[in-house]
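Biologist: Before we discuss any contacts, could you put the model on the screen?

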Amino acid sequence: GWERDHYIMGFNIQLVSAFLDSHWARSQILRTAQFAAATVSGLLESASPDVASKLIAVSSKISGARVILRLMDDIPILVYNLSSIKRDASVPERAADILVSLANQLYYPVEHTAWAADQGLLPVQSSRFWLLSNILWMVSLVISLTQTLVTLFTLTHKLRVMRRKGAFSDDTSRQAGFDTLRGQLLQALASAADLMLAIHWMPSGFPGAGCLGTLGMGVFGLISSSIGLYKMVLSSKR
């Protein structure tokens, strides 16, 4: 009766509704759709240029919608940044966390300024602020990726030692360790994919700028977006 009414084709409608009601989930879904459209556009550039052109236009419109949605993200990001700094971490780790949080926080007002300039609301050159926002994103990604790689190296070494010594108390603790390792691997892959995008969007003359093309941009964006969406879905089920 009542319980069955909340399931359609095996999906719990309440869980799906709660997930879609989250601002961050919607943003991640839109990001995934944006790069999925770009990927298909890249695949069809030769075979069907007209369709490819329409899909890249759709991708651009979704990107614009996400920029508008981020106009309201400053305070939520500030709360997240303050909570993400590890109080018991070493000095280098805390310094890295603070730099990432600062870059992430500054990204939003810089992007807002670029958007407002594009709309003719501010008498400034928008391209400078779009560039600055991309640089801030790149700084955040480089530091975050470095942190993740260090964590991966440390965790891999620890798991090898524990396995060799038979130090796992049970299968559950061993699985928890490897689940953490998998999560870090996915995070490294997502950050690396996003870093490729940030480099691609740098101005001409920067090493690697414009190197991806529509298909490459779509694929790398789809990789990072899909990982982010996957992690969000897993988190919502806990």
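**Salt bridges and a helix pair**

Modeller: E111 and R70 form a salt bridge, with their closest N and O atoms 2.6 Å apart; the term requires a side-chain nitrogen of Lys or Arg within 4 Å of a carboxyl oxygen of Asp or Glu. This is a predicted model, in which local features need pLDDT of at least 70 and side-chain atom pairs count only at pLDDT 80 or more, while totals for chains, interfaces and linings use all residues. Residues are numbered from 1 along each chain as its sequence is written, and side-chain values use heavy atoms, with hydrogens and water left out.

Biologist: Are E111 and R70 buried or exposed?

Modeller: The pair links distant parts of the chain, with E111 in helix α6 (residues 91-118) and R70 in the loop between α4 and α5 (74-84); helices here are DSSP runs of H or I with at least four residues, numbered from the N terminus. Taking buried as under 20% relative accessible area and exposed as over 50%, with partly exposed in between (1.4 Å probe, protein chains only), both E111 and R70 are buried.

Biologist: Which residue forms a salt bridge with D194?

Modeller: D194 lies in helix α8 (residues 171-200), and its partner is in helix α3, 163 residues apart. D194 is buried, with a relative accessible area of 11%. The closest N and O atoms are 2.8 Å apart, and the partner is R31.

Biologist: How many residues apart are D50 and K54?

Modeller: Their side chains meet in a salt bridge at 3.5 Å, N to O, and both D50 and K54 are exposed. Both lie in helix α4, about one turn of the helix from each other, and the separation is four residues.

Technical notes:
Helix = DSSP H or I, 4+ residues; strand = E, 2+ residues; numbered from the N terminus.
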